[in-house]
Amino acid sequence: MKGALEGIRVVDLTRVLAGPYATMILGDLGADVIKVEAPGGSDDTRFWGPPFQNGMSAYYAAVNRNKRNITINLKEEKGKETIRRLVKTADVFIHNFKTGTMERLGLGYDELSPINPKLIYCSITGFGETGPYHHLAGYDYIIQAMSGWMSINGTEQSGPLKVGVAVTDIFTGLYAAIAVQAALIAREKTGRGQKIDLSLFDCAISTLVNVASNYFMSGEVPKPLGNDHPNIVPYSTYEASDGLFVVAVGNDRQFQALCELLEDQTIGADERFRTNASRVAHRHELNDRLNKELKKKTRAEWQQLFEQKGIPCGPVYTIHEAFQHPQTLARDMIVNMEHPHVGTLKLVGSPLKFSETAVSYRLSPPLAGEHNDHILT
């Protein structure tokens, strides 16, 4: 089966995570992605390690499959002309240089659009191309701090904490893939391309969702709650006799079903815990009592009982345990790709499952300039 984006060519001048993640998604969907770097390789993640496998970093390998690679010196007119030639045959041009860099190189939207009026031009920056911070570079850690994300992670004792994955880069990569596809659909109607201005900061702000809405509605500044939920109780991690597991009770019916399984029947009869709103008000008292009860059985025992009652729950796994889980394996979320110089690379599979236009794993993460001869000639 052909990929959904087969026939779409993407000229990719991105590096690190947000941009490469977006273009990998487009590549998985069948697009021809041409990753452009400076001679010798200018994607910083090539050098972020250990671990390395035969010279390739794990970080770079994670987000650069299904791409061909050429190396061009953009400081030379010859290199810029090569980009212009590529743009003539491209559907999408995507970069994540600082605001103004592409324009200074003569490769901004206003310069490239006349060459190819159907071009979708996607700019990914730290803070966008307008506003008082438009000139600053963007780094996930800084964006997590400035967007409020860190302020809601951790506990009052730990202080603000970042998320363990560079989530603002991932959010932006996903938004970029969505925006590019939407622009391609719009082009079918109008016959014209357009420019997309995406920023890590905007994307991080947008993904505060219910936390932001809580703040708008109540006027109260959200505080870090650790593993608790601001609007739902019980919805946290609890201790079984053999380790931590999550219980995510979403309504009063599920709470009553949980209480029926507990040895201490007074919990379900307590008026303070009758409704979710009252449970939120008395979260500490309820969680303390639940922890005492849930320590009486193993995670597997509770999971079996909870599943019978329709109560959402799940053990807290390590990364190793998550990748060994039969559900992970059944969903093909681990793929092996062969590289002639690096060997067999184990990568995370795509979560996109199509009945007609399946994703494909055609090209392993390329070396710098690996496809120079093939593309440039």
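Me: Which helices and strands each supply at least two residues of the lining of the largest pocket?
Reply: In this predicted model, the list has helices H1, H2 (58-62), H6 (140-146), H7 (167-190) and H15 (319-324), plus strands S3 (52-53), S4 (56-57) and S13 (343-348). Helices (H or I, at least four residues) and strands (E, at least two) are DSSP runs numbered from the N terminus.

Me: Which one gives the most?
Reply: H7, with six residues.

Me: How many residues line that pocket, and which lie nearest its centre?
Reply: There are 44, with Tyr21, Met24, Ala62, Val63 and Val348 nearest the centre. (A pocket is an open set of 1 Å grid points, over the protein atoms alone, where a 1.4 Å probe fits, with protein on both sides within 12 Å along at least five of seven lines; lining residues have an atom within 4 Å of a point.)

Me: What's the lining made of?
Reply: It splits into 33 nonpolar residues, six polar and five charged. Asp, Glu, Lys and Arg count as charged, Ala, Val, Leu, Ile, Met, Phe, Trp, Tyr, Cys and Pro as nonpolar, and the others as polar.

Me: Switching topic: how do S1 and S2 pair?
Reply: S1 (residues 9-13) and S2 run in the parallel sense over four bridges; pairing takes at least two DSSP bridges. Val10 sits opposite Val33 in S2.

Me: How are residues numbered?
Reply: From 1 along each chain as its sequence is written. Local features need pLDDT of at least 70 and side-chain atom pairs 80 or more, while totals for chains, interfaces and linings use all residues, and side-chain values use heavy atoms, without hydrogens or water.
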